[in-house]
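This report goes through a two-part structure piece by piece. Please keep the sequence and the 3D view open while reading.

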Amino acid sequence: MIDRLQELGREALEEIKQADSVKALESVRVKYLGKKGPITEVLRGMGQLSEEERPKVGQKANDVREEIKEKLEEKTEQLEKAAIDEKLKAESIDITLPGREVKQGARHPLTAVVEEIEDIFVGLGFQVTKGPEVETDQYNFEKLNLPAEHPARDMQDSFYVTTDMLLRTQTSPVQARTMETFEGQGPVKIVCPGKVYRRDDDDATHSHQFMQIEGLYVDKNVQMSDLKGVLEAFVQKYFGADRSIRLRPSFFPFTEPSVEVDVSCGICGGKGCRVCKYSGWIEVLGAGMIHPNVLEMSGFDPEIYTGFAFGMGVERFAMLKYGIDDIRHFYTNDIRFLNQFKRA
Amino acid sequence: MLVSYQWLKNYVDIEDLSAEDAAERLTRGGVEVDMLHNRTEGVEHVVVGYVEECSPHPEADKLSVCVVDTKSAKRTIVCGASNIRAGQKVVTAEPGAVLPGGIEITTTTLRGQESQGMICSLQELGVEQKLVAKEYQDGIYVLPDDAEVGADAVAEIGLRDTVLELDLTPNRPDCLSMLGVAYEMAALLDRDVIHPDTAHKESAEHASDHVSVQVDVPKDNPFYGVKVVKNIVVGPSPQWMQNRLTAAGIRPISNVVDITNYVLLEYGQPLHAFDLDRLGSSEILVRRAGEGEEMTTLDGETRTLSSEHMVITNGKEPVALAGVMGGASSEVQDDTTAVLLEAAYFQPARVRKASRQTGIRSESSIRFEKGIDSGRVEEAAERAASLLETYAGGEVLQGSVEVDHRPAENKKIETSAGQLNGLLGMNLSEDDMLSIFRRLRLPASAEKGGIKVEVPTRRPDLEREVDLAEEAARLYGYEYIPTTLPSGVTTPGFLTDRQRRERHMRRFLESAGLNEALTYTLTSREHSSRLQLHTLPGKVDVSLPMSEERSTMRTSLLPQLLDTVQYNRNRQINDAALFELGSIFIGEPGGTLTKQPQEKTVLAAAVTGWWDTHLWQGEKKKADFFVIKGILEGLFNELGVASEVAFVRSSQAELHPGRSADIYLNGTYAGFTGQLHPSVEKEWDLKEAYVFQLDMDLILSYDAVSVFYETVPRYPAVTRDIALVVDNDVPAGKVERVIREAGGSLLHDISLFDVYQGENLSAGKKSLAFSLVYLDPDRTLTDEEVSRAHDNVLKRLEEEVSAELRK
């Protein structure tokens, strides 16, 4: 009987080995381990056995059963895994195909520059203010220390809409307008971005419309060294911590002293290259201490308050930052141009 | 202002500085040198030659064959100029010479005649045609007889020089003169200024014997002076003077005219020489012109004047437009023998008006307009007299005839080292300050703990303390100003709510796939009547537009946005999705502005072409009404006003009547959206373009629905889907509204998931399928409760829109 059991075990294992599907295995299980299977059949004949032989045969039968079970499980697992592998293989895709594009428009580079500069100054305690684009002569010129016959008016030929109203030639009138709302009480810390207009023919470096950002800081005891400090902080944040600034004397009717602010060239590190016209410096800002006349006309007592103002061209900042060579690109809106600023 | 570096050396010792160094010092000091012009870099082997013989070329009518002595050789040179003569000293390029533009001179053969070099014109040496004296404009240049044969001819004609082109700011008219630049240079380097020689003899005769002066307008003309110079011989001015004028961009004419121009450049003082015999009287009267009074200026033009103009008259007629240009009738000519030399100070504003109105910008008017040194007028006149004596054989009559209304005293500014340091954030001593003022030649003294500075007439830009602070800082060096941060009150910096919402709006539109565009504000009259948000009362026109295209302020952002779409289409970029945020400008009825126009912030967008393309996955979707409406709905949601917005069929004539909507915010018109009318599309050469334009002032001023947390549902929701058959003309929005109202508080959400027309439906009918979600946040709904609510919905649908359930 033991031999018979052994024989059955061998047969079963062989069939398990041959089985190529979960289904085939199931029939092997039913065949050998089922109630009508040969092992049960053998065990039924146990009655005829001696007391001594009975436990041995019983033990053997159990061993054979266990072995079959074990092998069945092993094989099932094997087959299932193979089936899954097969399925996954069939599901395989070309992962080099492009992904579904997520639609994303681009920020206009001038907006990107304006927002970045606003954020830097907001971080320095400034607020953002705006003013009208059609200005009165009074705010655009007179309150900025440019009386009617001032020779500096020559510098900026303008678009008039009436005899005393024009498209503002600078964002500086916002200075005067904002200061007035403070009614002579400082501190005033503002930046004013906006569009300005001058009678220029449009070419690679001129535009009849462009953008400026004006800044203003009025308080007691403001010194020229503070102007230098604030602008250095700004320039290093915008252009990089390794940059330095240089002040050069200049002239604006609404500031005195007036300076041009240069930043060290980022391309050559100050050694001189084509971008900085071999000077090592790039002019980026106009600035100065607010002229006492301007403070006075806007309701601040120049004996008590001093302040500084600065102005910059947004297009120039954008051109330097992104290496753009023609100012007209900003207003042509070629989609191939705009698309380049999605990360801006 | 063009400054010859060689000439500048006459007034300040800068031998140790190169032209480049000098330019750098000036620029760093605040007088910007825009450009350096090296007048003849690399030109060599061009020498003074003496034409010993000159005979016609045997083979060519227009050529001459010359024998030219250049000291090193006697050369045979073929010359084509008609003014070549034996006995002339000429500019000779020897073989091996290189002329400007890289032209190499070699020995060549011209019509069978060997030519060993070239006799040059000034133009061939790089002098601009307009700066060449008239008699040499069409031929070779003839040097003065005393030129040394064999010497460097380039130096002889003053071209071994570098010209500094100054870009002067309006506050520094003093640098419109060689002496002014010398003062600046001297201050920067702490050196002396060397003044020109003004000495001359005076004859026994008095100027006042020949002329009287009367000034009727002392405010316009605070000083008027004349000198008289007789026995003049008009001829060419000396070569060195011509060279300097040429360097400064002025063409040499004759000794008398050149001398007045020379002194103008030297002192910044415009002078005018009248021909005494042609003046027509012996008196000078300065007055305003009469309305419509006429005069002929030196350029031959007849000018009609007004009472805004100031004229110099001979007592009867104008002989000069004061400060701008002399008159033709009294012009110095070849036969002139006596001149009346005018040296005056005219008010800037008066000259500026005349210059603007007549369109004449002369070297003289430029200087008067910006302000000359009122204290240097007489010295300049003496200098001119001295030069006329030396170079025109003139006899200077004794004295001058002058009318003087200038202020007697110079302006004084009181300050202190403490105050100046306070402004600058520096720490200079009083001695440092005084030393700076001494270098600037501003008389200054320490007094009672302060500093008193006298401002010479040379520097009219110095008016108050801050001006001195600037002088101190720029001479001491801005690099020595420390870097500090303001010590005052700290204030919070922030963006206003509106500014933040504008940014959110931009971010939303970018994320939706729209590119931001920026177009010009000035537009054409044609554009300004198109696609407007409202019917506007008026436009804002520019008084003197540069072109019709930029003649008025925009009243809508769309025309230029459509131009942009068209621009891109013309470059094969057919898919466009653009937005712009900007102002439109609203004028007044009748077109005349009485106050600043209203500026309204408007948001516009244009979308056309393929919207979504996932090509290899076989998906492609064109922009349509629902694309643009979806963007708007998302935007309104972002701005917190979605629940207050209604889309109502629009009657905008420029939009597709069936595919457009007006947008209302809580009942107020806020903009429009839709497909452009085909006729409008055709104008811009577009195919199916969708647009919107919104009044952002209105929308952004509307209180946004604030974000407030609502409990996340803990109980299950019940979803019921229904397909309704309604008449075609029943809007889905209406059906949805009925469902929403009928569903009551249990109806949590509705979504439309199918719209169908066609087979299995009767004509004129459509099917709308909605998914209704019922939910009670506080408990699990029973089937019965849901059915009750749902049945009510169905009943109301039947009653209000005759909807039937689709079977």
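Domain bounds, as used here, come from an automatic or database domain assignment. The model is a predicted one, in which local features need pLDDT of at least 70 and side-chain atom pairs count only at pLDDT 80 or more, while totals for chains, interfaces and linings use all residues. Residues are numbered from 1 along each chain as its sequence is written, and chains are lettered from A and ligands numbered from 1 in the order in which they are written.

**Chain A as a whole**

Chain A consists of domain 1 (2-91) and domain 2 (109-341). The C-alpha centres of domain 1 of chain A and domain 2 of chain A are 90 Å apart. Along its principal axes, the C-alpha trace of chain A spans about 135 × 45 × 45 Å. The radius of gyration is taken over C-alpha atoms, and the globule rule is 2.2 Å times the number of residues to the power 0.38. For chain A the radius of gyration is 43 Å, whereas a compact globule of 344 residues would have one near 20 Å.

Helices and strands are DSSP runs numbered from the N terminus: helices are H or I with at least four residues, and strands are E with at least two. Chain A has twelve helices and ten strands.

**Chain B as a whole**

Chain B is divided into domain 1 (2-39 + 162-189), domain 2 (46-156), domain 3 (207-404), domain 4 (411-475), domain 5 (497-701) and domain 6 (718-805). Between the C-alpha centres of domain 2 of chain B and domain 6 of chain B there are 103 Å. The C-alpha trace of chain B spans about 130 × 85 × 55 Å along its principal axes.

Chain B holds 19 helices and 43 strands. Its radius of gyration is 42 Å, well over the 28 Å that the globule rule gives for 807 residues, so chain B is more spread out than a compact globule.

**Where the chains meet**

Two residues are in contact if their C-beta atoms, placed from the backbone, lie within 7 Å. By that rule, 76 residues of chain B are in contact with 73 residues of chain A. On the side of chain B that touches chain A, there are 35 nonpolar, 25 polar and 16 charged residues. In this scheme Ala, Val, Leu, Ile, Met, Phe, Trp, Tyr, Cys and Pro count as nonpolar, Asp, Glu, Lys and Arg as charged, and the others, Gly among them, as polar.

**Packed helices**

Two packed helices are described by the angle between their axes and the distance between the axes. Axes are lines fitted to C-alpha atoms, for helices over the stretch in contact, and angles run from 0 to 180 degrees between N-to-C directions.

| Helix pair | Angle | Axis distance |
|---|---|---|
| α2 (22-33) and α4 (53-91) of chain A | roughly 170° | within 10 Å |
| α13 (497-511) and α15 (625-638) of chain B | about 150° | 10 Å |
| α18 (732-743) and α19 (783-801) of chain B | about 140° | 9 Å |

Angles under 35 degrees count as roughly parallel, over 145 as roughly antiparallel, 65 to 115 as roughly perpendicular and the rest as oblique.

In α13(B), His504(B), Met505(B), Phe508(B) and Leu509(B) meet Gly634(B), Leu635(B) and Glu638(B) of α15(B). This contact of α13(B) with α15(B) comprises four nonpolar, two polar and one charged residues.

The helices α18(B) and α19(B) are oblique to each other. Their contact has eight nonpolar, two polar and three charged residues, including Val735(B) and Ile739(B) in α18(B) and Val793(B) and Leu797(B) in α19(B).

**Backbone details in chain A**

Most residues other than glycine have a negative phi, and most peptide bonds are trans. Which peptide bond is cis, with omega near -5°? It is the bond from Gly186(A) to Pro187(A). Pro187(A) sits in the loop between α7 (173-181) and β5 (188-197) of chain A. The bond from Glu256(A) to Pro257(A) is cis too, with omega near -10°, and Pro257(A) lies in strand β8 (residues 255-264) of chain A.

Tyr278(A) is not a glycine, yet has a positive phi of about 60°. Tyr278(A) is found in the loop between β8 and β9 (281-290) of chain A.
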